[in-house]
Amino acid sequence: MMVSVTVKLLNFRLILAAIVGLAGLFLSGAIHGEEYIEWEADGYSIPEPLGGLQGDPVRGRAVVIDRDSGNCLACHRMPIPEEPMHGTVAPPLHGVGSRLNEGQLRLRVVNEQRVNPNTIMPAFYKRPGDYHRPHPAFRSTVLTAQEVEDVVAYLMTLK
Amino acid sequence: MTKCFMQIVPFALLMMSGSLFALEPQSSYELLSEDLKQMQDDDFANPGMMTVDRGQELFQKPGFNGKSCATCHGDNGEKLDPEQIAAYPKYDSQRGPVTLQSQINQCYADRQEEFPMLYDADELIALETFVRYLARGEKVNVDISGSMREHYEAGKEIFHTRIGQRDMACVHCHEMYAGQRLRGQILNQAQINGFPIYRITNGTIMSLHEKYIGCYGTLRAMPYEPGSQEYIDLEVYMNARGNGLPIETPGVRH
């Protein structure tokens, strides 16, 4: 009798642990947005889209403007006249789509520090563990892989 | 001969770029609008003076054993030496680098037989504001020789380390691109000669370590505690980096 009750309790605990663990996995997925996708640079370029995703320039433009997301206008001047006060820290991005190809743009959005270690530009998509002392609410890449592709697609329209 | 010269030129240029980043210290006061400059300069308009007054009251308030700061240092702190105030943080062989605030706290605990206050307690910030105000105009002069050197270097390391998800270091905005615009905001050199400051945006007085915590938040980084060794080292480095700037406490800033 005692044994069977203990076994039942143990089983119940196992099931509970499994449920909690799965819920945790699911939630952590929700918090961090998505699984990190490894990428590899070929020289100063990442020729292949992250995870083979297709970018959308219209969404990319929104990411570029959003102060809590890409916030590119903090430093770069861009052909987005409806937004006031573009930053003067970084090079203007007018015509950047003709100066750099898609793969070169992708590496610069993902991790410009590979091109210039002294750059002020944050890495928008490096291994989450490689950010130093991130706040617990921000233990992820700045942009998702999809957002990176959207931004690259938008930059490619700046001819 | 020319060939040899041509080989030296690029190296000489590289070495020069290092010295280009070593800016002349400039107080962020210089970047304020005329209105805000006037507000800071006029004691009747400067809201930070309310904290100075509060600090002075606390300075004269007797502690557990009936003594107050004023008992030794004079009713208006006239026996304190502005030159010494401008020399903080100072190195103590037992306690390491001692900030003005920790010195006030230690003195308060020892001489008034009180429990020490928490770092950045309101009363402590008020006392620090009052004492530092006594040295207004005195040039910051922090000695980083001897054992202080390693704390200066540790602070410098923090200043140059990328933090948080925003993945930037203090040096990027406040040295490499000082004077440039980040959206609508002109980047200052992050000189700390006006601290504790009155912040117009918050409508409150703000200590240096509270400001550090604010910056860490902006960079989406996990801040250190007020009074932590990291922030004290940073305070040592940033003071020494601005040696020669006049103390402006209470500074008025956005």
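Among the contacts in chain B that join residues at least 6 apart in sequence, 71% link residues at least 24 apart. The model is a predicted one, and the corresponding figure for chain A is 59%.

Chain B holds 11 helices and seven strands. Its radius of gyration is 20 Å, close to the 18 Å that the globule rule gives for 254 residues, so chain B is as compact as a globular protein of that length. The C-alpha trace of chain B spans about 80 × 45 × 35 Å along its principal axes. Of the 254 residues in chain B, 37% are buried.

A way into chain B is through helix α7, residues 122–133. One of its partners is helix α3(B), which covers residues 48–60. The axes of α3(B) and α7(B) lie 7 Å apart, and the two helices pack at an angle of about 100°. An angle from 65 to 115 degrees counts as roughly perpendicular, and α3(B) is therefore roughly perpendicular to α7(B). On the α3(B) side, the residues that meet α7(B) are G48(B), T51(B), V52(B), R54(B), G55(B), Q56(B), L58(B) and F59(B). Facing them from α7(B) are E123(B), A126(B), L127(B), T129(B), F130(B) and Y133(B). By class, the residues of this contact between α3(B) and α7(B) are seven nonpolar, five polar and two charged.

Helix α6(B), residues 100–111, also packs on α7(B). Here the axes come within 9 Å and cross at roughly 110°, which makes α6(B) roughly perpendicular to α7(B). The crossing of α6(B) and α7(B) is right-handed. From α6(B), the contact draws on L100(B), Q101(B), I104(B) and N105(B). From α7(B), it draws on L124(B), L127(B), E128(B), V131(B) and R132(B). The residues of the contact of α6(B) with α7(B) comprise five nonpolar, two polar and two charged. An α-helix has 3.6 residues a turn, so residues three or four places apart point the same way.

Further along chain B is helix α10, residues 208–218. The buried residues of α10(B) are L208(B), H209(B), E210(B) and Y212(B). These buried residues pack against two elements of chain B, namely strand β6 (204–206) and helix α11 (229–241). After α10(B) comes R220(B), which has a positive phi, near 55°.

Chain A is built from helices, with five of them and zero strands. Read from the N terminus, the order of elements in chain A is α-α-α-α-α. Among the 159 residues of chain A, 31% count as buried.

Two helices of chain A that pack together are α4, residues 102–111, and α5, residues 145–156. Their axes come within 10 Å and cross at roughly 130°. Angles from 65 to 115 degrees count as roughly perpendicular and those over 145 as roughly antiparallel, and α4(A) and α5(A) are therefore oblique to each other. The crossing of α4(A) and α5(A) is right-handed. The α4(A) side of the contact consists of E102(A), L105(A), R106(A), V109(A) and V110(A). The α5(A) side consists of V148(A), V151(A), V152(A), L155(A) and M156(A). In the contact of α4(A) with α5(A), eight residues are nonpolar, none is polar and two are charged.

The loop between α4 and α5 of chain A contains N116(A). N116(A) has 11 C-beta neighbours inside 10 Å and so counts as exposed, a term that applies at 12 or fewer. From N116(A) to Y131(A) there are 15 residues in sequence, and the two lie 17 Å apart in space, C-alpha to C-alpha.

The two chains also touch each other. At their interface, 19 residues of chain B are in contact with 18 residues of chain A. On the chain B side, helix α9 (170–176) and strand β3 (181–182) each supply at least two of the residues that touch chain A. The residues on this side of chain B divide into seven nonpolar, six polar and six charged.

How values were computed. Residues are numbered from 1 along each chain as its sequence is written. Chains are lettered from A and ligands numbered from 1 in the order in which they are written. This is a predicted model: local features need pLDDT of at least 70, side-chain atom pairs count only at pLDDT 80 or more; totals for chains, interfaces and linings use all residues. Helices (H or I, at least four residues) and strands (E, at least two) are DSSP runs, numbered from the N terminus. The radius of gyration is taken over C-alpha atoms; the globule rule is 2.2 Å times the number of residues to the power 0.38. A residue is buried if 20 or more other C-beta atoms lie within 10 Å of its own, exposed if 12 or fewer, and partly exposed in between; C-beta atoms are placed from the backbone. Two residues are in contact if their C-beta atoms, placed from the backbone, lie within 7 Å. Axes are lines fitted to C-alpha atoms, for helices over the stretch in contact, and angles run from 0 to 180 degrees between N-to-C directions. Angles under 35 degrees count as roughly parallel, over 145 as roughly antiparallel, 65 to 115 as roughly perpendicular and the rest as oblique. A crossing is left-handed if the near helix is turned anticlockwise from the far one by less than a right angle, and right-handed if clockwise. Ala, Val, Leu, Ile, Met, Phe, Trp, Tyr, Cys and Pro count as nonpolar, Asp, Glu, Lys and Arg as charged, and the others, Gly among them, as polar.
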